[in-house]
Amino acid sequence: MGSASHQYLVSTGGFMFLSLIIALSLLPQPAQAITRHYEFNIKMQKVTRLCHTKSIVTVNGKFPGPRVVAREGDRLVIKVKNNVSNNITIHWHGIRQLRSGWADGPAYVTQCPIQTGQTYVYNFTVVGQRGTLWWHAHISWLRSTLYGPLVILPKASVPYPFQKPYKEVPIIFGEWFNADTEAIISQALQTGGGPNVSDAYTINGLPGPLYNCSAKDTFKLRVKPGKSYLLRLINAALNDELFFSIANHTLTVVDADAVYVKPFETDTILLAPGQTSNVLLKTKPNYPGATFLMTARPYVTGQGTFDNSTVAAILEYESLFLHSVASMKKLPLYRSILPPLNDTSFATKFAKKLRSLDSREYPANVPQKVDKQFLFTVGLGTSPCGQNNTCQGPNGSRFAASVSNISFVQSTTALLQAHYTGQSSGVYSPDFPFSPKNWFNYTGNPPNNTIVANGTKLMVLPFNSSVELVMQDTSILGAESHPLHLHGFNFFVVGLGFGNYNPNTDPQKFNLVDPVERNTVGVPSGGWVAIRFLADNPGVWFMHCHLEVHTSWGLKMAWLVLDGKLPNQKLLPPPSDLPKC
């Protein structure tokens with residue numbers, strides 16, 4: 001009896017234990033973060049566009065480069081092998097890089113470049129981010145061909161805060177140059193003049209039917225009626241902000257720079273270089289018996305030359321009846337209408353429509369109190385030509401660009417390494433000015449002296465400082481919109497306006513409730529923008545204009561965020577394979 005009873009208890013206990021295991025397995029499980037491995041082989045590849053063949057720098061021979069996909073919380077381990085003669089670095093644009101600044105990528109800021117024949121592993125975790133970002137080379141002008149999408153999906157079983165799309169499609173805008181972009185910028189820096197402009201814009205690497213010899217090189221988006229498509233838009237152009245529209249279709253903006261926004265409808269999107277946006281395209285309920293152009297062209301505010309052309313892709317509806325290319329060609333083709341090239345009014349209205357979603361799941365944690373306040377001017381200027389030379393810049397000088405009249409001089413060693421090892425003397429100085437030393441009517445008549453100062457100066461921030469930065473455009477050599485990108489952080493765009501920033505009246509109009517949160521923002525042409533962020537990420541963080549020509553001329557600076565007191569508030573040690581200069 002005892003043994004039978006014992007057997008019963010054991011078997012019952014086993015059954016109950018098994019039942020408990022099954023019950024637990026049916027409960028929602030926490031999303032498991034994983035490590036995803038990628039290999040980037042940097043190699044030359046012959047590519048033909050506009051009937052012009054040239055050898056370009058690529059990742060794995062692909063142009064644009066391969067898509068990197070992860071979920072929020074995943075770790076990415078990306079091995080980059082440099083098989084070309086150029087020095088290489090890769091930047092993971094918009095990734096916070098919390099305590100992993102060694103993986104951020106800007107050359108001579110967080111790392112020395114990967115030299116020919118060398119390998120470097122970028123190792124970082126995606127923390128608290130989901131949406132569309134991108135990766136690109138971050139040295140000289142190599143990002144003209146070295147770029148690709150970085151798609152961060154929500155954690156498994158976490159839905160989008162909008163209708164789940166039928167399909168997701170990356171749409172990446174670029175610029176094609178028939179000439180070698182390294183030769184273009186090298187010549188411009190030598191002569192002091194403006195660089196030659198691109199020969200075409202591209203959508204997913206293709207120029208499309210509005211350019212000569214390019215009908216065959218057209219991106220086609222084939223869709224079904226009555227479906228919702230998530231377009232992951234990325235502006236990877238070197239030097240141009242772009243308007244984008246799809247003929248006879250409305251787009252719903254749901255995200256900017258991988259942060260959810262309050263959805264709004266628009267016929268046209270404006271993206272500065274470096275910016276990304278997720279938009280929903282709701283296709284027509286029935287087969288429309290037509291095809292539609294998807295076009296992009298520049299938004300231009302400066303006085304320099306620019307590529308005044310239009311890139312087009314084609315939106316095609318799948319038909320039960322039309323299968324041949326010939327029958328498709330007979331359909332009417334609708335063209336989209338884009339704003340005028342210099343439509344600053346549209347740009348301003350569009351920027352003001354962007355508001356953080358600010359929901360319970362996705363709050364807008366705007367710093368309400370500010371520890372540090374800064375005013376930086378951003379704009380163009382000149383540098384002397386040098387003795388016995390005649391330069392092609394204004395009045396025989398060289399073009400230059402600056403933040404607070406300091407044109408940033410690139411170091412020959414990595415700033416982050418110099419900081420970490422305590423060997424910063426002679427590499428950089430920690431005295432970037434809080435506000436301009438010489439005040440003038442920034443957006444009025446420019447001063448006679450347009451010469452910029454030069455230096456490698458950093459702004460030092462204590463850990464966890466709350467920062468308010470106003471960036472003021474200047475009219476020196478013409479007012480211009482400047483898309484400023486901050487590495488290592490997202491920031492809240494709390495205000496923008498035209499003319500000179502007024503510290504007494506303008507803050508009263510700041511939006512401290514649901515401002516858009518992003519990593520790249522356009523400083524309005526002839527105006528200012530105010531941002532706030534929390535300096536919770538120790539390291540050296542680059543901030544620069546994402547118009548590559550302005551970066552080359554010196555419109556850049558860096559922030560040094562000091563370690564906090566706790567172990568999890570300190571920069572991690574450098575990896576053993578960190579490249580040497």
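In this predicted model, K509 and D506 are joined by a salt bridge in which the closest N and O atoms lie 3.3 Å apart. K509 is exposed, because its relative accessible area of 64% is over the 50% cut-off, whereas D506, at 8% relative accessibility, counts as buried. Elsewhere, salt bridges that share partners connect K220, R222 and E316 in one network, and the structure holds 15 salt bridges.

Three of the pairs are set out below.

| Pair | Closest N to O distance |
|---|---|
| K509 and D506 | 3.3 Å |
| D536 and R96 | 2.7 Å |

The bridge between D536 and R96 links distant parts of the chain, 440 residues apart, with D536 in the loop between β31 (527-535) and β32 (539-545) and R96 in the loop between β5 (90-93) and β6 (119-125). D536 counts as partly exposed at 26% relative accessibility, while R96 counts as buried at 15%.

R518 counts as buried at 7% relative accessibility, and D257 is buried with a relative accessible area of 1%.

An open sheet of mixed pairing is formed by five strands in the order β25-β33-β32-β27-β30. Because β25 (458-461) and β30 (520-523) stand at the edges with a single partner strand each, one side of each is left without a neighbour in the sheet. The twist from one strand to the next averages 20°. Strand β27 (residues 482-486) pairs with β30 in the antiparallel sense over four bridges, and H485 stands opposite T520 in β30.

Note on methods:
Residues numbered from 1 in each chain as written. Predicted model: local features only at pLDDT ≥ 70, side-chain atom pairs only at ≥ 80, totals over all residues. Heavy atoms only, no water. Pairing = 2+ DSSP bridges. Helix = DSSP H or I, 4+ residues; strand = E, 2+ residues; numbered from the N terminus. Axes fitted to C-alpha atoms, helices over the stretch in contact; angles between N-to-C directions. Salt bridge = Lys/Arg side-chain N within 4 Å of Asp/Glu carboxyl O. Buried < 20%, exposed > 50% of the residue type's maximum accessible area, 1.4 Å probe, protein only.
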